[in-house]
Amino acid sequence: MSIAVAIQKNRRLVLGTDSLYTFGDRRIPEDVVASKIRRVGAAYLAATGWGIYDDILNDYLSRAGEADLSSRPAVFAFFMAFWKELHEHYPFVKDQPEDGEHSPFGELDASFLIVSPQGIFHVSGNMTVTEFARYYAIGSGCEYALGAASVLYGTEADSKTICRESVEAAIKFNIYCGGDVNIVELD
């Protein structure tokens, strides 16, 4: 599981995650060589959910060329193309969850948080794209991270400090978050 937090304050935009990787309910050693944040064009992207998305996204992005994640419509278009690729090139991907839901839509079983020069975007499991002006968090412990961000946003703290404290709150209170805090700042 993962926690990802995006903060935009005073024209400074950051994305932070924890570094813990798990195999189900089993923590794996902290010496995993991987990052939960990836650069995609002019943006940064973090995913929570199935770990296989790291490999799928890396493979897809290596073949797809330059990606545009600069606006809500561009993010949606990227994930529409990604959805199509998931089903055409990765035969182990299912179309519908088997949890008894009666939704007419497929489910990604993952959430994505994107920071781009134009703002913060969340892509939910059903591919709904939502834009946030100040902050948002996804993943395990997101309720703790959002609480911390909400309290700290009105203080003198800068975006990087708010992000770090928000990720640390999730690490402190959620058993599926842990390790180091990794933060990137958008150029």
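Cys177 counts as buried (under 20% relative accessible area, with exposed over 50% and partly exposed in between; 1.4 Å probe, protein chains only), its relative accessibility being 1%. The model is predicted, with local features requiring pLDDT of at least 70 and side-chain atom pairs pLDDT 80 or more, whereas totals for chains, interfaces and linings use all residues. Residues are numbered from 1 along each chain as its sequence is written, and side-chain values use heavy atoms, without hydrogens and water.

Cys163 is likewise buried, at 0% relative accessible area. With a disulfide defined as a pair of cysteine sulfur atoms within 2.5 Å, the count is 0. Cys177 takes part in no disulfide, and the nearest cysteine sulfur, belonging to Cys142, lies 8.8 Å away.

Ala145, Ala148, Ala149 and Tyr153 of α3 are buried. These residues cover an arc of only 120° around the axis and therefore lie on the same side of α3. The buried residues of α3 pack against β1 (3-9), β10 (135-139) and α4 (159-173).

The α3 and α4 axes are 8 Å apart and form an angle of about 145°, on a scale from 0 to 180 degrees between N-to-C directions. Contact (heavy atoms within 4.5 Å) involves Tyr144, Ala145, Ala148, Ala149, Leu152 and Tyr153 of α3 and Ile162, Glu165, Ser166, Ala169, Ala170 and Phe173 of α4.

Terms used:
Helices (H or I, at least four residues) and strands (E, at least two) are DSSP runs, numbered from the N terminus. The arc is that of the directions from the helix axis to the C-beta atoms.
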